[in-house]
Amino acid sequence: MSSQVSSNASDKLDPHDRELLENTTLRIAGVVSESIVDGPGIRYTIFTQGCPFHCKGCHNPQSQPLKGGADVALKVFYDEIHANPLISGVTFSGGEPFIQCRSLAVLARILRQEGYSLWSYSGYTYDKLVDDDIRHSLLELLDVVVDGPFVLSKASMDIDFRGSTNQRLIDVQKSLAKGDVVLAEGFN
């Protein structure tokens with residue numbers, strides 16, 4: 001990850017938000033700075049470290065150990081996202097993002113205020129996310145969550161932005177407003 005950016009976007013932040021970004025870390029397996037497979041448009045994808053699910057056939061098995069990866073200040077991600085004018089959204093993948101939801105919620109809140117599209121993958125189902133106060137704090141900031149574990153026997157290359165057919169693309173904001181799952185429109 002580059003520590004130099006052409007303009008320091010964090011200089012325009014509220015001082016409290018800047019301090020949060022500088023002092024909050026996230027344990028990651030890696031990032032993809034320009035992804036077209038983790039949601040619509042060109043996205044910045046953060047692969048969090050640690051996953052309790054250990055799905056057979058996992059696409060990112062190196063991200064499963066809780067003690068792997070590296071701790072990175074949120075400000076690094078924020079500055080890299082703002083250094084690329086092509087980025088229209090940010091995706092949290094893993095590992096399991098929701099085991100680090102407090103740190104991710106800090107970044108998500110700031111990016112949401114700035115108009116970025118926010119997606120997350122999770123091995124947890126929507127019901128497990130919405131019914132847990134801590135996980136809900138990240139969920140409520142997302143546009144879309146791809147829920148459910150990867151199931152190798154249901155793997156498919158014919159569905160958008162998912163690995164297996166049991167996973168759902170859920171419109172989080174509409175689901176929260178309705179009090180029931182609403183699938184995101186326009187995807188296979």
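# Exercises on a predicted model

Helix α2 is mostly covered, with seven of its 10 residues buried; buried means under 20% relative accessible area, exposed over 50%, and partly exposed in between (1.4 Å probe, protein chains only). Helices (H or I, at least four residues) and strands (E, at least two) are DSSP runs, numbered from the N terminus.

This is a predicted model: local features need pLDDT of at least 70, side-chain atom pairs count only at pLDDT 80 or more, and totals for chains, interfaces and linings use all residues. Residues are numbered from 1 along each chain as its sequence is written, and side-chain values use heavy atoms, with hydrogens and water left out.

**Exercise 1.** State which residues of α2 are buried, and what they pack against.

Solution. Step one: the buried residues are Leu74, Lys75, Phe77, Tyr78, Asp79, Glu80 and Ile81. Step two: these pack against α1 (15–23), β1 (25–35), β2, β3 (70–73), β4 and α3. Contact here means heavy atoms within 4.5 Å.

**Exercise 2.** Describe the overall fold and dimensions of the protein.

Solution. Step one: count the elements, which gives six helices and seven strands. Step two: read them along the sequence, which gives α-β-β-β-α-β-α-β-α-α-β-β-α. Step three: the C-alpha atoms fill a box of roughly 45 × 35 × 30 Å along the principal axes. Step four: compare the radius of gyration with the globule rule. The radius is taken over C-alpha atoms, and the rule is 2.2 Å times the number of residues to the power 0.38. For 188 residues a compact globule would have a radius near 16 Å, and the protein agrees because its radius is 16 Å. Step five: buried residues make up 47% of the 188. Of the contacts with a separation of 6 or more, 65% join residues 24 or more positions apart.

**Exercise 3.** Work out the setting of Thr48, and its relation to Leu104.

Solution. Step one: Thr48 lies in strand β2 (residues 43–48). Thr48 counts as buried because its relative accessibility is 0%. Step two: a polar atom of the Thr48 side chain lies 3.0 Å from the backbone oxygen of Ser93. A polar contact is a pair of N or O atoms within 3.5 Å; within protein, one must be able to donate a hydrogen and the other to accept it, and residues adjacent in sequence count only if both atoms are side-chain atoms. Step three: leaving out residues up to four places away in sequence, Thr48 touches residues including Leu26, Ser63, Ser93, Pro97 and Leu104. Step four: Leu104 is in helix α3 (residues 101–113) and is also buried, at 0% relative accessibility. Leu104 and Thr48 are 56 residues apart in sequence, with C-alpha atoms 9.5 Å apart.

**Exercise 4.** Decide whether Ile87 is buried or exposed, and list its contacts.

Solution. Step one: Ile87 is in the loop between α2 (74–83) and β4 (89–93). Step two: Ile87 counts as buried because its relative accessibility is 7%. Step three: not counting residues up to four places away in sequence, Ile87 touches Ser33, Glu34, Ile42, Arg43, Tyr44, Ile81 and Tyr116.
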